[in-house]
Amino acid sequence: MSDPILSVTGLQVNYGRVEAVRDVSFEVPVGSLVTLVGANGAGKTSVLNAVSGLLRPRQGVITFEGTDVTKWPAHRLVKAGLVQVPEGREILGTLTVAENLTLGGWHRSNSAMHAKVAEVYERFPVLFERRKLHAGALSGGEQQMLAIARALIAEPKILLLDEPSMGLAPKIVDEVFRVIEEIRQTGTTVVLVEQNARRALAAADYGYVLETGEVSHSGPAHELLADEKVIEAYLGLD
Amino acid sequence: MIAEYSSLITLIALTAILAYSFYAVLIAGQLSLAQVGLASLAAFTSALVVPSEPLFGFIPPLVIGIVFGMFVGAFAAFILGLPVIRLRGVFLAIATLAFGEMVRIFLINQTWTNGAQGLSFAKLVGPGVAWIALIVVAYWFWRLSGSRLGRAFAAIREDELAATTMGIDVPRYRMASFVIAGAVAGLYGVLLAHFSRFADPNEFSFTAAVDGLVTAVVGGVTLFIGPVLGSAFLSLLPEVQRAIGIDAGWIRPTISGVLLLVVILFLPGGLSGLIPVRKSAKRLNVDPSFQPTLPALPAVGSELVSLSGLGKSYGGVHAVQSVDLTVNAGEVLGLIGPNGAGKTTLVNMVTGLTPPTTGTGNVLGVPLTASTKAHRLAQAGVARTFQQIKLFNRLSALENVLVGGYRITQDTLLRRLFFLPSARRLEREAVAMASAQLVRVGLGEKAANAAGDLSYGDQRRLEIARALASHPSLLVLDEPAAGMNHVEAASLSELIRSLAADGIAVLVIEHNVRMMLATCDRIMVLNFGEIIAFGEPSEIARDPRVLEAYLGSAGSDEDVEAASVLASETLAHVVDDRAAEHPEHDGAAAADDATTPEENR
Amino acid sequence: MQLFLDGIFLGSIYALFAIGFTLVFGILDRLNLAHAAVFTAGALVGIEIVTVFGVPIWLLIPIVLVIGAILGIAIERIAFRPLAGRHDAHFAGLISSIAFGAIILSLLQALYGADTRRFPADAFPTTRVEIFGATVSLLQVVILIISVSLMVVLTWLVAKSKLGRGMRTIAENPHAAAVLGLNVGRISSTTFALSSALGAVAGVLFTLNVNAASLGVGHAVELKALAVIIVGGMGSLPGALVGGLILGLAEVLAVNYIGSSWRDMVAFGLLFLILILRPQGLFGARKTREV
């Protein structure tokens, strides 16, 4: 395992009195695809939001490229190259597709941003076609693509994806996973949080299974896929 | 000693009554600043009718004034409510503020009010009368808080749309809270005028309205005692400051301002948030002897929904085109299709949230027209959940389900006012019915938790329990398994089958195709607002158009055909499994074939 | 013609106050009721500065802008930011801004007392000019120029600058803005600073116009400003400008033709009518909610 680009140690996150995350540690090697899976309320999204600086953890240390970033606010992390694609996509519906993409380059110079937007249009021709439409008029799948594309404009070193397949038709889910695979092939490190554990593990190098705020299983993804305990608890035994 | 403070004691009571008139609208999620305007109308008009001698020799003049003032306040609130009740939030606040100011300017320009010079009143109110009035008002709100009416107000405050789909006639209830608040404001106006013996319209200004609102919010709206606490705190504060010798003109308002800021920033529930409360509506009651007998559901197989050519277009764009459909009692009907295919629009039409633009429909005897109200359909027996969860977040799980029982429970406010035994019995029955639904979806342990604190999957289950609490004939579930894993989805599927076995017709939208194939009796597939397939799960799984439009395949174009074949085979496999009711097989390998055909390549 | 010009002067001051008001509402969806106190602070501090230091008007305006901006940042930090994420942030924000406004006013009372104050008699030139047969003072022309140029600059800022783009993003979806790496806290602070700077300058200009200011001056204007932003459309900057001018003209005409005791009825009657007939205002966009 090469040096981790991101490492999380002893993370604890509370909402009021509710402990959403009790004790989570994981490492993400450079260039890998790591997935966090688990049932509802296991704390996956809270972990991701704490890592992105959107939530202040109660305890624990988050290191990004060797620097302690535990107390960094979200905008500083984005600038440093840690970018999230949030659950529910969070596109700006009343702005156009092009405007949404422009916002992705908030911390980049104008020329770098425009170059990146052109690059993204090449990868997602459908967004180029619809660049002048209001983002709210896109279908669910297109909105998910826009959310991913918008994050790419920020030139992330590590991309965090939260439930990218939620609420999408099976056909579109396939497409989303293909895009994720392409992104990681360009060298970007990816952290994927997914409800669809089987799909996520099939795509990932390493997996961490979260259960009530703690890591219950971890290891190379293909091993987890074959682990009977994991299968029974999370993947369903039909 | 008492005499020295008598006017302070009276003012605490009067300020609390004003705060109750704000409380009455705040508990239903509305913000009205018209309250002092209504009070002023009541005060000045009462001067026209209050006699100097008891009426018929025994009805005291003040009683006449109070009754008249409350009527004026309620009536004026009703008239004001007619145009403004549809406004929300800040807009409602500003409209009512404008009304208050208009009343003030109007009264100043009238001769019978003596204009800005002000009017004299008889001194009829002292500490005794003021506190008796306050106690009556507080008692009324105390008894309201646990009644069905009180729960309906809370539901509207938390989520209007969800409240509508529980069968609550939201505009009517919002108006009711407006009128109640108006009556209390009228009471305040009459009492204040006959306490201070003099009133001019300028006293009933914007500043006075803001003071009343501040009192209510500082006291808190989570508990009926809030307005009294707020009034006592804010009235005593200057007295305490005077007593300890802080008297410079500016120090007092500074300290008051700082304290107000501290309360609002650090005590989210206001002062009443400090009081630990024992809420009876947090405990389950699973004693079957309290379960009332409910009316029977329609006979299995009888037609509940019939749609003919039903469609909806938004400015020329057809969200749903011409749907013909019948749904019978006891069947599970699935609705699948790509995002934006019109599934949610269709169920919104069936539940009365979206009026159809073409075609006709009849749901449980209620015709679907442009003017069909969602609460009417809910009262007829339609219940639903939402794609974007809509719970009453600050209410407990059990309270959520109690609101769900609105349709089949009776109002208890009057009985509660007089502590009739039947009130207790009705409440126990309501709690017992709600508890049974919570237990049924597996949330018995979490009855006391606030709905907003539950995990995503639990919130989905709670929404189903809330829908079931209305004893529906038709249950509509919009993506109930979103965010659930295979295990959770399997138990949801079981629950749906058992509901259908009870005779409920269930209409489900869901992307989890595997679950749908295993759960539904019939499946309708929509694409671009059109029905592209409709039939039994086994037919749907083999339909090439469905595979093309919805299930599709990953990979490049040349893979499409092969993948479709593969997908149809694996889907068929799933269907066969269900038909054979043979749960034990090599699940790990087959489990996600239905959704991820390309992995088997 | 005289009436028309008077209406325009009054209206431009209403507009300046209302633009600050509506800016915060439009971007952050919060009604800042401490805005009236900032207006009063601008007026009273402005008088003090001119009385003590005798600064000319072109220097006074930038000084007051800075004072207003500082107050705005304080309001955002103390009265609004701690409420972020609370379910009752709407109500609570109203109350906390009322409380903060009351604190500002009581401090002003401590500094300057409760009496009405005026600018020194010879502080500004009293030249009068004739335009189209109406007499206006040079001061009024200056007031008009200042308020219009401030409004133009602000509108440009929101529509075209990067800061403005950030503001509009936060207005639409604060969570998405944070995810995209926008510094939501700083942009909110800046919005409040801009809003309050305009509010404070509006206080000075209003006082220049009528040459009298007391602690209660802000409240009266606050109610009018609410009418202005409703008429113009909540959150709409051009709406606030046009709404301000309409109200200024309507009031001047009402005083002239109906009588001064009914003057305030104009503002509230107009407000009430607009809310019932066209709740989104003349320039506002109707916000639709998703099911």
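Me: What makes a set of residues a nonpolar core?

Reply: A nonpolar core is a set of buried Ala, Val, Leu, Ile, Met, Phe, Trp, Tyr and Cys residues joined through C-beta atoms within 7 Å. The model here is predicted. Its largest nonpolar core has 376 residues, and I17(B) and L271(C) touch the most other members. Helix 1 (residues 2–28) of chain C gives the largest share of this core, 15 residues. At least three residues come from each of domain 1 (6–205) and domain 2 (303–535) of chain B.

Me: Which residues does I17(B) touch, not counting residues up to four places away in sequence?

Reply: I17(B) touches A133(B), L134(B), V137(B), V184(B), L187(B), Y188(B) and L191(B). Two residues count as touching if their C-beta atoms lie within 7 Å.

Me: Why is D159(B) called partly exposed?

Reply: A residue is buried if 20 or more other C-beta atoms lie within 10 Å of its own, and exposed if 12 or fewer do. D159(B) has 19 other C-beta atoms within 10 Å, so it is partly exposed. D159(B) is found in the loop between helix 6 and helix 7 of chain B.

Me: What does D159(B) touch, not counting residues up to four places away in sequence?

Reply: D159(B) touches K390(B) and F392(B). In sequence, D159(B) and F392(B) are 233 residues apart, while their C-alpha atoms are 6.1 Å apart in space.

Me: Which domains does the assignment give for chain B, and how far apart are their C-alpha centres?

Reply: The domain assignment gives domain 1 (6–205) and domain 2 (303–535). Their C-alpha centres lie 39 Å apart. The contact takes 20 residues from domain 1 of chain B and 24 residues from domain 2 of chain B.

Me: What makes up the side of domain 1 of chain B that touches domain 2 of chain B?

Reply: Helix 5 (127–145), helix 6 (148–158) and helix 7 (160–164) of chain B each supply at least two residues of that side. Helix 6 of chain B gives the most, with seven residues. By class, the residues of this side of domain 1 divide into nine nonpolar, five polar and six charged.

Me: How many residues of chain C are in contact with chain B, and which elements of chain C give two or more of them?

Reply: The contact joins 36 residues of chain C to 35 residues of chain B. On the side of chain C that touches chain B, the elements giving two or more residues are helix 4 (89–112), helix 9 (217–232) and helix 11 (263–277) of chain C. Helix 4 of chain C has the largest share of that side, 14 residues. The residues of this side of chain C divide into 26 nonpolar, seven polar and three charged.

Me: What span is expected of helix 3 of chain C at 1.5 Å a residue, and what does the helix reach?

Reply: The expected span of a helix is 1.5 Å times one less than its number of residues. Helix 3 (residues 57–80) of chain C has 24 residues, and the expected value is 34 Å. From its first C-alpha to its last it reaches 33 Å, close to that value.

Me: Which residues of helix 3 of chain C are buried, and what do they pack against?

Reply: The buried residues are L60(C), V64(C), L65(C), I67(C), G68(C), A69(C), L71(C), G72(C), I75(C), E76(C), A79(C) and F80(C). They pack against helix 11 (251–266) of chain B, and against helix 2 (35–53), helix 4 and helix 8 (184–210) of chain C.

Me: Why is chain C called as compact as a globular protein of its length?

Reply: Chain C has 11 helices and two strands. From the N terminus on, these elements run α-α-α-α-β-β-α-α-α-α-α-α-α. The globule rule gives 19 Å for 291 residues, and the radius of gyration of chain C is 19 Å, so chain C is as compact as a globular protein of that length. Its C-alpha atoms fill a box of roughly 55 × 45 × 35 Å along the principal axes. Of the 291 residues of chain C, 55% count as buried.

Me: How does the radius of gyration of chain A compare with that of a compact globule?

Reply: With 238 residues, a compact globule would have a radius of gyration near 18 Å; chain A has 17 Å, which agrees. Chain A holds 10 helices and 10 strands. Along the principal axes, its C-alpha trace spans about 50 × 40 × 35 Å. Of the 238 residues of chain A, 52% count as buried.

Note on methods: Residues are numbered from 1 along each chain as its sequence is written. Chains are lettered from A and ligands numbered from 1 in the order in which they are written. This is a predicted model: local features need pLDDT of at least 70, side-chain atom pairs count only at pLDDT 80 or more; totals for chains, interfaces and linings use all residues. Helices (H or I, at least four residues) and strands (E, at least two) are DSSP runs, numbered from the N terminus. Domain bounds come from an automatic or database domain assignment. Ala, Val, Leu, Ile, Met, Phe, Trp, Tyr, Cys and Pro count as nonpolar, Asp, Glu, Lys and Arg as charged, and the others, Gly among them, as polar. The radius of gyration is taken over C-alpha atoms; the globule rule is 2.2 Å times the number of residues to the power 0.38.
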